[in-house]
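Trainee: I would like to go through this model with you. Where do we begin?

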Amino acid sequence: MNGMDKAKLLDLMAEKGLTQAELADKAGVSRTAVWGLLKKGRTPTPVTLGKIARVLGVRPSELMDM
């Protein structure tokens with residue numbers, strides 16, 4: 001699996017007016033997980049990816065750097 005498309009994630013968060021903490025809370029994932037995706041370039045688990053995509057209103061594949 002390729003990594004998260006950080007620019008796309010940040011754009012979607014801005015569109016929704018979400019901070020990292022708010023995204024984490026709404027998605028039901030840890031703030032550390034969101035931070036790791038954005039700052040460390042970590043690849044999310046399929047479950048985490050699905051939760052974040054659902055909050056942002058996109059398909060999980062749209063968040064991946066392909």
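Mentor: We begin with a definition: a residue is buried when its relative accessible area is under 20%, and exposed when that area is over 50%. Keep in mind that the model is predicted.

Trainee: Which residues of α1 are buried, and what arc do they cover around the axis?

Mentor: Helix α1 runs over residues 6–16, and its buried residues are Leu9, Leu12 and Met13. An α-helix has 3.6 residues a turn, so residues three or four places apart point the same way.

Trainee: Which exposed residues does the opposite face of α1 carry?

Mentor: Look at the face of α1 turned away from the buried side. The buried side itself is covered by elements that include α2 (20–27), α3 (31–39) and α4 (46–56). The face turned away carries the exposed residues Asp11, Ala14 and Glu15.

Trainee: How are α2 and α4 oriented, roughly parallel or roughly perpendicular?

Mentor: The axes of α2 and α4 come within 9 Å and cross at roughly 110°. Angles of 65 to 115 degrees count as roughly perpendicular. The two helices are therefore roughly perpendicular.

Trainee: How many nonpolar, polar and charged residues make the contact of α2 with α4?

Mentor: From α2, the contact uses Leu23, Lys26 and Ala27. From α4, Lys51, Ile52, Val55 and Leu56 take part. The division is 5 nonpolar, no polar and 2 charged.

Trainee: Which helices do the buried residues of α4 pack against?

Mentor: The buried residues of α4 are Thr48, Leu49, Gly50, Ile52, Ala53 and Leu56. They pack against α1, α2 and α3.

Trainee: Is proline 60 buried or partly exposed, and which residues beyond its sequence neighbours does proline 60 contact?

Mentor: Proline 60 sits in the segment after α4. Its relative accessibility is 36%, so proline 60 counts as partly exposed. Leaving aside neighbours within four places in sequence, the contacts of proline 60 are Leu49, Gly50 and Ala53.

Conventions: Residues numbered from 1 in each chain as written. Predicted model: local features only at pLDDT ≥ 70, side-chain atom pairs only at ≥ 80, totals over all residues. Heavy atoms only, no water. Buried < 20%, exposed > 50% of the residue type's maximum accessible area, 1.4 Å probe, protein only. Helix = DSSP H or I, 4+ residues; strand = E, 2+ residues; numbered from the N terminus. Contact = heavy atoms within 4.5 Å. Axes fitted to C-alpha atoms, helices over the stretch in contact; angles between N-to-C directions. Parallel < 35°, antiparallel > 145°, perpendicular 65-115°, else oblique. Nonpolar A, V, L, I, M, F, W, Y, C, P; charged D, E, K, R; others polar.
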